[in-house]
Amino acid sequence: MGNVHVLDHPLIQHKLTHIRDKNTGTKEFRELVDEVAMLMAFEITRNLPLAETKIETPVMETKAHVLAGKKIGLIPILRAGLGMVDGMLKLIPAARVGHVGLYRDPETLQPVEYYIKLPSDISERELIVIDPMLATGGSANDAIHSLKKRGAKQIRLMCLVGAPEGVELIKKEHPDVDIYLAALDDGLDEHAYITPGLGDAGDRLFGTK
């Protein structure tokens, strides 16, 4: 069953406070998101399996550990998810990166993929879907469906802030997907913005309105 993990590390919480602050400018916002993504990657990879190997230190031969098991794939949801990729790659530089771009058709309300480019071996990778905001959960839900349709078997979802509505949708539609958040917020306002939230992550990352 998918679980919800709120990563309450003091450094994550401290930096998230500055990310939320409306007076934080684009440059600092981008740097903070990058840093929090790296700290979240540290937490999310805590249980990766290890294998034993032998190495020579300058002093002697010794047993040591290296990562084993499935390789990682990072899948940012365009466009705001891009702001969290570099921070994660600093810790897991061997990860492959795929991209998913979606929008909802205003007439049918059905998800439309306008861009998707994935590693060829996604069925063999542990995928981390990345989006700063989990509001209604619509985009993440559609992205996860897209990945499963293409053979993905192990998926986690990583967001800065989530609303209970989005969390419930993912738990209902994808009970096998673990959700990692820096904060679980109160809910959504009438415009489907997370409250207290941090505004529009894409606009604040890229300096657009």
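Trainee: What should I know before I start?

Mentor: The model is predicted, so local features need pLDDT of at least 70 and side-chain atom pairs count only at pLDDT 80 or more, while totals for chains, interfaces and linings use all residues. Residues are numbered from 1 along each chain as its sequence is written, and side-chain values use heavy atoms, with hydrogens and water left out.

Trainee: Which residues does UniProt list for "binding site" along with Arg-79?

Mentor: A word on such records: UniProt positions are in the numbering used here, feature names are shortened, and annotations may be inferred rather than shown by experiment. The unreviewed UniProt entry lists Arg-79, Arg-104, Asp-131, Pro-132, Met-133, Leu-134, Ala-135, Thr-136, Gly-137, Gly-138, Ser-139 and Asp-200 under "binding site". From this set, the lining of the largest pocket takes in Arg-79, Arg-104, Asp-131, Met-133, Leu-134, Ala-135, Thr-136, Gly-137, Gly-138, Ser-139 and Asp-200. On a 1 Å grid over the protein atoms alone, a pocket is an open set of points where a 1.4 Å probe fits, with protein on both sides within 12 Å along at least five of seven lines; lining residues have an atom within 4 Å of a point.

Trainee: Where does Arg-79 lie, and what does Arg-79 touch?

Mentor: Elements come from DSSP runs: helices are H or I with at least four residues, strands are E with at least two, and both are numbered from the N terminus. Arg-79 lies in the loop between β4 (71–76) and α3 (85–91). Contact means heavy atoms within 4.5 Å. Not counting residues up to four places away in sequence, Arg-79 touches Asp-200, Gly-202, Asp-203, Phe-206 and Thr-208. Its side chain also makes a polar contact with the side chain of Asp-203 at 2.8 Å. A polar contact is a pair of N or O atoms within 3.5 Å; within protein, one must be able to donate a hydrogen and the other to accept it, and residues adjacent in sequence count only if both atoms are side-chain atoms.

Trainee: Is Pro-132 buried or exposed?

Mentor: Buried means under 20% relative accessible area, exposed over 50%, and partly exposed in between (1.4 Å probe, protein chains only). Pro-132 counts as buried because its relative accessibility is 1%, whereas Arg-79, at 34%, counts as partly exposed. Pro-132 sits in the loop between β8 (125–130) and β9 (133–134). Beyond four places in sequence, Pro-132 touches Ala-80, Gly-81, Met-84, Cys-159, Leu-160, Val-161 and Ala-201.

Trainee: What does the other "binding site" annotation cover?

Mentor: This annotation, also from an unreviewed UniProt entry, covers Ile-194, Gly-199, Asp-200 and Ala-201. The lining of the largest pocket takes in Ile-194, Gly-199, Asp-200 and Ala-201 from this set. Ile-194 belongs to strand β13 (residues 194–195) and is buried at 5% relative accessibility. Asp-200 is found in the loop between β13 and α6 (201–206) and is partly exposed, with a relative accessible area of 29%. The side chain of Asp-200 reaches the backbone nitrogen of Gly-202 at 3.0 Å. Leaving aside residues up to four places away in sequence, Asp-200 touches Arg-79 and Tyr-193.

Trainee: Which strands pair with β11?

Mentor: Two strands pair if DSSP finds at least two bridges between them. Strand β1 (residues 4–6) pairs with β11 in the parallel sense over 3 bridges, and Val-6 stands opposite Leu-181 in β11. Strand β10 (residues 154–162) runs parallel to β11 and is joined to it by 6 bridges. The chain crosses from β10 through helix α5 (residues 164–173) to β11, and this β-α-β crossover is right-handed. Right-handed means that, with the strands pointing away from the viewer, the path from the first strand over the helix to the second runs clockwise.

Trainee: How many residues of β11 are buried?

Mentor: In strand β11 (residues 178–184), 6 of the 7 residues are buried, so the strand is largely enclosed by the rest of the structure.
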